[in-house]
Amino acid sequence: MTDLKDLQKICTQTRRDIVRMVHAVQSGHPGGSLGCTEYFVALYHHMMDYKAQPFDPDGKNEDLFFLSNGHISPVYYSVLSRAGFFPVEELATFRKLNTRLQGHPTTHEGLPGVRIASGSLGQGMSVAIGAALSKKLAKDDHLVYSLHGDGELQEGQIWEAAMYAAANKVDNLISTIDANGQQIDGSTDDVLAMGSIASKFQAFGWDTVHIQKGNDMEAVIAGLEEARSKTGKGKPIAVIMETDMGAGVDFMAGTHKWHGIAPNDEQLAAALGQLEETLGDY
């Protein structure tokens, strides 16, 4: 468990890592990564019970996390490295040939911290449900967390999985929805409006938690702690977390345009000027 000021310093450094990684190869997804920074830092430095070394892919007697919207790998890799799963210096290999840090997380390279290949949207919840049921069968009282984009909810498999989880009382699962209102082609309302996400999950039999300020560390921690308090009561929990895509960098914030675009040299300098180096760059 880390105090609030230190968590915020980790967030700032994570955002530096994100923009530097994507800039270096002129490829990647900075927008969603920046928007989910507080969530990842809160999860790995405050909420989850896990062991970084040695890494056990099976995750027995540990809390588990599954990233479903795998394109936001920059934030995932930064936080895993800063949490001790692999050397921070390896971030410099992001998206390069023969790297373990592929654009979308994969498992065959054996990168510690990554338990599933992800990026094919809609599938992460199904995997998380399987892991949660396995823990129940093994009488392991640890929790399973998953993260999903709001645009990802347009995938039908999500709702099949949601129906299954409720019907089978998978109450050791906390699935968070990054509700930034943006996807690659524009706003989610313009592409395919989904109405009330919370109401949909409730209708499918889930309990829900709402985090209105998903880029405020105190609010994220409070929301995740509320979600944890609801586990073990017969229902899976969905956390609806409102974030700003591109949060932390003023010219990237609040727009889908930085979903999958890398900053140029001038834009990188402007972004880094807003993000203090707190833990040391790789």
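Buried here means under 20% relative accessible area, exposed means over 50%, and partly exposed is in between (1.4 Å probe, protein chains only). This is a predicted model, so local features need pLDDT of at least 70, side-chain atom pairs count only at pLDDT 80 or more, and totals for chains, interfaces and linings use all residues. Residues are numbered from 1 along each chain as its sequence is written, and side-chain values use heavy atoms, with hydrogens and water left out.

Q: Is Phe55 buried or exposed, and at what relative accessibility?
A: Take the cut-off for buried, which is under 20% relative accessible area. Phe55 falls below that cut-off, so it counts as buried, at a relative accessibility of 18%.

Q: Which geometry does the aromatic pair of Phe55 and Phe85 have?
A: Rings of Phe, Tyr and Trp (its six-membered ring) pair if their centres lie within 6.5 Å; planes under 30 degrees apart are stacked, over 60 edge-to-face, and the rest tilted. A search of the whole structure turns up 16 aromatic pairs. For Phe55 and Phe85, the centres are 6.2 Å apart and the planes are at 75 degrees, making the pair edge-to-face.

Q: How many residues apart in sequence are the parts that the pair of Phe55 and Phe85 ties together?
A: Helices (H or I, at least four residues) and strands (E, at least two) are DSSP runs, numbered from the N terminus. Phe55 is in the loop between helix 3 (37-47) and strand 1, while Phe85 is in the loop between helix 4 (73-82) and helix 5 (124-137), so the parts tied together are apart in sequence by 30 residues.

Q: What is the distance from the side chain of Asp171 to the backbone nitrogen of Gly234?
A: Asp171 sits in the loop between helix 6 (156-167) and strand 3 (173-179), and it counts as buried at 9% relative accessibility. A polar contact is a pair of N or O atoms within 3.5 Å; within protein, one must be able to donate a hydrogen and the other to accept it, and residues adjacent in sequence count only if both atoms are side-chain atoms. The Asp171 side chain reaches the backbone nitrogen of Lys233 at 3.3 Å. For the backbone nitrogen of Gly234, the distance to a polar atom of that side chain is 2.9 Å.

Q: Which cysteine sulfur is nearest to that of Cys11?
A: A disulfide is a pair of cysteine sulfur atoms within 2.5 Å, and a search of the whole structure finds zero of them. Cys11 is in no disulfide, and the nearest cysteine sulfur, 11 Å away, is that of Cys36.

Q: What is the C-alpha to C-alpha distance between Pro105 and Ile72?
A: Pro105 lies in the loop between helix 4 and helix 5 and counts as buried at 2% relative accessibility. Its contacts (heavy atoms within 4.5 Å) include Leu67, Tyr76 and Ile116. Pro105 and Ile72 are 33 residues apart in sequence, and their C-alpha to C-alpha distance is 9.2 Å.

Technical notes:
Lists of a residue's contacts leave out its neighbours within four places in sequence.
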